[in-house]
Amino acid sequence: MTDAAEQPAPPTIGVDLGATNVRVAVVDRAGGIRAELRDHTGEDGSEVVPTTTALVRKLRDEFPGVSAIGVGAAGLVDRDGDVQYAPNIPAFRRTPLREALQRAVGLPVVVDNDANAAAWGEIVHGAAHGALYALMVTLGSGIGGGIIARGRVIRGAHGFAAEIGHFQIDPDGPMCACGERGHWEAFASGHALGRIGRVWAAAGRAPGVVARAGGDPDAVTGVHVGDSAQAGEPDGRALLDEYAELVAVGLAGLANILDPERIVISGGLVELGDTLLRPVRDAFERRIEGAEYRPRIDIVPAALGEHAGVIGAAARARDLEPGESGIWTK
Ligand SMILES: [Zn+2]
C-alpha cells in the first residue's frame, strides 16, 4: 500500500453567508461536519470579509490540512464569484467576494449562490443523492431554489438562474420583496403564510391561531399558523391547506417545465413535516399536467437541514483541487 492511499483526502471549508450571519464549517469527504463556527456580519454586511476570514483562520489552526474554501452567498453571484446584488445585504453591490476572500485567507475559494450550494449539498450528501434531475425549493422568509439537471447545478448564462421565487403568478397580486407584484414568493413564502393568517384572523376565521398570537389578529405570523396546524386545530389546518395549494401551484408549474425525478423541500417551513407536505403532495398531484400518465414525482424533506449550505459549499470547494473538473462545470 502506498503512502498516498493511506492519506485520507483533506477536508474543505464551507461558508454559508446570510443577511446578518455567517456560518463556517470544516467538512470531510463524507459530508460530515468536523467543526463549525458562527458569527454576525453586521447589519449591512460590511463586516463579511473580516468576520469570515477570522473564523476561517480559527478553524485552520485546528485543521491545518484544509485544501480549499467554498462559499454560498445570498444574492446574484456571477461566474467570477462577484456578488452583483443581494436584496437583503446593502454592502453587496458588485462586490468581488471570491477575490477578496482568496486574498485574505490565502486558499483557493469558489463562491456560488447560497441556494445553489444547498442544492449541491443535498445532491452530494442529502435527500437528492443520486438524482440526475432534481428541484430544490427553500421555503423560508422568502423562496429560494436550485435546479439540478444531468447531475449539475443549472446556473444560466450569467450565474443567476433558479430564482424560482420570482416568477409571476398574478400581476395584481401582493407585493414581492423584490419590488414586483404577485411573484410566487409573495404567495407561498413563510412571510406569505403569516399574511394569509392575518387576513383570516381579521375576518374572524382563525380563533385558534389568534389565541396563539396573544389574541391580537395583527400579530399573527406563519409560526402561529404552523403551530396551530401541528396541534390539529381546524382553523390552523384549513389555513395550511390553503397555503399548501399556493406552494403546489409553483411546484407544479416548475415540474411541468423541468420534469425533475424528485423535489426536495428545505427551509423553516419543512419543520412542519407531513402536516405541510401531505397537503402539498395532494395539491401537486391535482395540478401537475397529466398526473395519471407520468411517473410520480416525490416531494421529500431536505436531509441536511440548516447545514445544507456549508456542506454543499464545502463539496463545491473540492472542484478546485487539481484533477477536478473546474469551477463552473458542476
Ligand atoms: Zn419577486
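The expected span of a helix is 1.5 Å times one less than its number of residues. Keep that rule handy for the first stop, and remember throughout that this is a predicted model.

**Stop 1: helix H2.** Select residues 48–62. Helix H2 has 15 residues, so at 1.5 Å a residue it should span 21 Å; the C-alpha atoms at its ends sit 22 Å apart, which agrees. Now show the side chains. Which residues of H2 are buried? Color Val48, Thr51, Thr52, Thr53, Leu55, Val56 and Leu59 to see them. For a helix in general, there are 3.6 residues a turn, so residues three or four places apart point the same way. Next, bring up what the buried residues of H2 pack against: strands S1 (12–17), S2 (21–27), S3 (33–40) and S4 (69–73), plus helix H3 (97–105).

Stop 2: Follow the chain to Gly65, in the loop between H2 and S4. Gly65 and Pro10 are 55 residues apart along the chain, yet 5.9 Å separates their C-alpha atoms.

**Stop 3: a three-stranded sheet.** Move on to strands S5, S6 and S7, an open sheet in the order S5-S6-S7 with antiparallel pairing. S5 (76–77) and S7 (93–95) are the edge strands: each has a single partner strand, so one side of each is left without a neighbour in the sheet. Zoom in on S6 (residues 83–85), which pairs with S7 in the antiparallel sense over two bridges. To find one of the contacts by residue, pick Tyr85; its bridge partner in S7 is Arg93.

**Stop 4: strand S9 and its partners.** Select residues 134–139. S9 is mostly covered, with five of its six residues buried. On to its partners: S9 and S10 (residues 143–149) form an antiparallel pair over six bridges, and three residues lie between them in a hairpin. Pick Thr138 and you'll find its bridge partner in S10, Gly144. With S12 (residues 262–266), S9 pairs in the parallel sense over five bridges. There, Ala134 has Arg262 as its bridge partner.

**Last stop: two cysteines.** Select Cys176 and Cys178. Cys176 is buried, at 5% relative accessible area, whereas Cys178 is partly exposed, at 38%. How many disulfides are there? With a cut-off of 2.5 Å between cysteine sulfur atoms, the count is zero.

How values were computed. Residues are numbered from 1 along each chain as its sequence is written. This is a predicted model: local features need pLDDT of at least 70, side-chain atom pairs count only at pLDDT 80 or more; totals for chains, interfaces and linings use all residues. Side-chain values use heavy atoms; hydrogens and water are left out. Buried means under 20% relative accessible area, exposed over 50%, partly exposed in between (1.4 Å probe, protein chains only). Two strands pair if DSSP finds at least two bridges between them. Helices (H or I, at least four residues) and strands (E, at least two) are DSSP runs, numbered from the N terminus. Contact means heavy atoms within 4.5 Å.
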